[in-house]
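This report walks through one structure, from the whole assembly down to single residues. Keep the sequence and the 3D view open while reading.

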There are 2 protein chains.
Amino acid sequence: MSRFVVHYRIFASSFDEAAERAAGIALEQTVEVPRDVVPHGYVEDEILGRVESLTTECSGQYLARISYSPDSVGTELPQLLNVVFGNSSIQKGIKVIGLDLGKTLSERFPGARFGVKGVRERANRPAGGLICPVIKPQGCDADTLAEIAYRCALAGADVIKDDHGLTDQAMAPFKTRCEKISSAVARANRETGGSCLYLPNLAGRTEDFVDFARFAKDCGAGGVLVLPGLFGFDLIRRLAADEAFDLPIMAHPSFLGSYVLSDTLGFTHAMMFGVLQRLAGADIAIFPNVGGRFGFSETECLAIARACRDPSGVGKPIFPSPGGGTSVERAGEMKRMYGDDVVFLLGGSLLRYGRHIGEAIVAMRQALAAG
Amino acid sequence: MSRFVVHYRIFASSFDEAAERAAGIALEQTVEVPRDVVPHGYVEDEILGRVESLTTECSGQYLARISYSPDSVGTELPQLLNVVFGNSSIQKGIKVIGLDLGKTLSERFPGARFGVKGVRERANRPAGGLICPVIKPQGCDADTLAEIAYRCALAGADVIKDDHGLTDQAMAPFKTRCEKISSAVARANRETGGSCLYLPNLAGRTEDFVDFARFAKDCGAGGVLVLPGLFGFDLIRRLAADEAFDLPIMAHPSFLGSYVLSDTLGFTHAMMFGVLQRLAGADIAIFPNVGGRFGFSETECLAIARACRDPSGVGKPIFPSPGGGTSVERAGEMKRMYGDDVVFLLGGSLLRYGRHIGEAIVAMRQALAAG
């Protein structure tokens with residue numbers, strides 16, 4: 001059984017203090033008792049976290065590699081996250097910057113069902129960037145939203161996703177919306193011979209998920225959108241593991257910002273929007289694009305894209321999906337920056353095209369082909 | 001229908017910039033399209049967020065009160081959190097500091113089933129602080145853990161909770177542990193005539209919850225521990241709303257630290273560990289105590305306790321439960337600080353008492369009575 005290793009950046013005033021804090025993390029994340037009362041034998045030898053190395057990154061900043069037993073985790077994703085960063089999330093000056101899953105946990109957490117290759121097959125887009133318009137705004141009825149989706153699919157969108165704010169509200173309840181948009185996209189696909197995938201937002205109350213997921217599948221939805229920040233990463237894991245469900249999963253970053261925005265807290269951008277999404281089993285990971293209204297840097301965005309596509313990462317490589325400030329005008333620049341294995345989100349600015357929204361999709365395709 | 005109001009602290013270089021950012025939040029959290037393409041009529045008049053006021057708190061720091069429609073939320077807690085802070089969590093310099101639920105949403109989100117009064121009745125402790133030892137460490141078998149629980153219950157503990165790292169691992173699987181500890185605590189209760197409540201950690205895989213919750217109830221567990229940071233706040237809401245379940249819920253802060261530790265991001269301590277817990281329906285909210293290993297200040301801890309017990313808050317007042325660095329030695333100080341409506345967690349330091357762990361519980365009771 002091979003231990004897994006978490007890389008923590010520790011902010012401390014000296015190497016000795018960093019060493020003390022690393023030893024504290026090893027206790028906190030496993031036995032959570034003072035060192036002197038850790039029971040001898042199995043608990044001390046196997047369960048207790050182990051500081052494998054501690055190095056100085058620069059003044060005040062240290063890198064601790066701490067290993068844990070797969071026995072601490074069992075087979076549960078939430079418990080893996082609990083060991084990685086549960087209580088340590090509440091201590092200042094600790095940032096999770098890496099994870100080596102090891103052989104044992106790699107078998108327990110196989111990652112994405114589809115990944116880049118599988119999603120390309122389903123969308124019948126063997127090469128080039130995928131185009132994904134977002135259906136919105138909240139407050140419109142299902143017929144209005146379905147009409148927008150139809151025009152986008154007809155114009156050659158690869159994926160169409162619900163806005164993450166469309167859940168089960170009275171204006172366009174999940175089942176009504178899912179049925180109408182699925183059937184509008186299916187109609188467009190019949191007309192074009194295309195394979196546009198519609199991804200409804202699988203949100204609502206916890207007790208609705210199983211029913212909603214089955215309903216989406218039965219409607220002919222091409223996948224689902226999931227918000228792990230609000231519903232937990234385990235919902236993605238559960239859907240990805242479900243052989244009867246068997247649809248791609250796109251993860252949205254809502255409510256997750258606080259984990260990445262501080263330099264000395266939480267996770268790196270690549271860990272949160274790349275590694276954790278792959279670990280859970282997402283096939284497409286949305287994140288805020290550089291130059292939009294969210295303030296991620298080019299370096300941070302590229303690190304996310306690398307983490308999503310790294311062949312040596314958890315499970316299959318997945319699609320990074322930059323959104324927010326993405327537009328037809330920026331298509332060439334984005335293609336040069338991210339390459340081809342990308343799902344480009346097109347959001348609210350699309351609505352400016354009104355009934356001619358399809359023209360934006362066509363223009364985006366041309367720009368990606370030329371870029 | 002009354003709108004609900006979220007209070008955001010915005011960090012900006014001028015009042016004009018703050019005003020622009022506030023207007024941006026109102027768009028982002030609802031329609032998520034540029035202002036000029038918001039559809040006229042219902043979407044613009046009702047759904048679009050409204051900046052009700054903007055005031056200067058001090059240089060560089062502004063308070064925006066933004067109102068939203070209950071229609072944006074529907075009846076779902078995750079969607080309420082999504083409107084409060086979903087995408088805005090990904091923008092720097094925004095902190096949620098208050099929430100006025102309004103009449104409409106107060107009816108949709110009734111809060112705790114038990115609260116302070118109901119938990120006191122179940123634990124048969126009409127006055128004074130409640131004592132809650134934590135059963136650990138991870139790696140021990142269920143018999144060892146049950147023996148610790150038995151000794152604590154026999155000595156007069158009011159509540160006994162699983163360590164949050166005990167989930168469904170092979171060393172002490174959920175059902176085995178739940179059964180053995182429930183029956184050990186029941187035996188102690190028969191011997192003392194007491195009403196000690198055992199709260200197993202309701203964790204595992206998403207698909208296990210319903211089964212595990214029912215199993216805990218059938219075993220005679222006195223409540224459950226839930227980790228909303230890993231499983232979502234909606235799990236608490238679901239359990240609190242379940243009339244057949246009908247047991248108190250204790251919420252643990254694991255994985256939630258990144259939301260509160262930065263001054264310019266996330267939520268205030270009182271919002272996260274008081275208001276959101278009440279909104280979800282927790283009866284007892286655990287948070288890291290001042291003076292322990294987590295670095296919360298006395299002011300932050302008292303703000304949490306106030307938010308938990310404020311008679312004008314969401315639903316029933318609930319128990320604040322400081323843990324981490326709590327000990328028999330600090331009982332008097334903690335009683336003076338927090339008062340009587342508190343569940344005092346006693347963690348790993350208890351294990352120092354070994355077979356005499358009951359003496360620590362007795363000493364804690366005496367210290368609280370004297371303090």
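## How the two copies relate

Copies are superposed by least squares on the C-alpha atoms of residues with pLDDT of at least 70 in both. Chain A can be laid on chain B in this way with an RMSD of 0.0 Å.

## Model and confidence

This is a predicted model, in which local features need pLDDT of at least 70, side-chain atom pairs count only at pLDDT 80 or more, and totals for chains, interfaces and linings use all residues. Residues are numbered from 1 along each chain as its sequence is written, while chains are lettered from A and ligands numbered from 1 in the order in which they are written.

The pLDDT is the predictor's confidence in each residue, from 0 to 100. Chain A averages 96, and 100% of the residues score at least 70. For the complex, the predictor gives an ipTM of 0.97 and a pTM of 0.98.

## Where the chains meet

Two residues are in contact if their C-beta atoms, placed from the backbone, lie within 7 Å. By this rule, 71 residues of chain A are in contact with 70 residues of chain B. Helices (H or I, at least four residues) and strands (E, at least two) are DSSP runs, numbered from the N terminus. On the side of chain A that touches chain B, α2 (42-47), α3 (70-73), α4 (77-85), α10 (228-231) and α11 (233-240) each supply at least two residues. The largest share, five residues, comes from α4(A).

What is the make-up of the side of chain A that touches chain B, by nonpolar, polar and charged residues? It divides into 30 nonpolar, 28 polar and 13 charged. Here Ala, Val, Leu, Ile, Met, Phe, Trp, Tyr, Cys and Pro count as nonpolar, Asp, Glu, Lys and Arg as charged, and the others, Gly among them, as polar. Of the interface residues of chain A, 99% are also interface residues in chain B, so the copies meet through the same surface.

## Two domains in chain A

Domain bounds come from an automatic or database domain assignment. For chain A, the assignment gives domain 1 (4-108) and domain 2 (115-370). Their centres, taken over C-alpha atoms, are separated by 33 Å. The contact takes 11 residues from domain 1 of chain A and 13 residues from domain 2 of chain A.

On the domain 1 side, α4 and β4 (94-100) of chain A each supply at least two residues. The largest share, four residues, comes from β4(A). By class, this side has eight nonpolar, one polar and two charged residues.

## Core and a covered helix

A residue is buried if 20 or more other C-beta atoms lie within 10 Å of its own, exposed if 12 or fewer, and partly exposed in between, with C-beta atoms placed from the backbone. A nonpolar core is a set of buried Ala, Val, Leu, Ile, Met, Phe, Trp, Tyr and Cys residues joined through C-beta atoms within 7 Å. The largest one has 278 residues. Those with the most contacts inside it include A:V224 and B:V224.

Now look at α11(A). Eight of its eight residues are buried. Among them are A:F233, A:D234 and A:R237. The buried residues pack against α4, α9 (209-219), β8 (224-226), α10, β9 (249-251) and α12 (269-280) of chain A.

## Loops and backbone details

A:G60 sits in the loop between β2 (50-58) and β3 (61-68) of chain A. A:G60 and A:F11 are 49 residues apart in sequence, yet 5.6 Å apart in space, C-alpha to C-alpha. A:G60 has 15 C-beta neighbours inside 10 Å, so it counts as partly exposed.

Most residues other than glycine have a negative phi, and most peptide bonds are trans. The bond from A:K136 to A:P137 is cis, with omega near 0°. A:P137 lies in the loop between β5 (130-135) and α7 (142-154) of chain A. A cis peptide bond also joins B:K136 and B:P137. B:E32 has a positive phi, near 50°, and lies in the loop between α1 (15-28) and α2 (42-47) of chain B.
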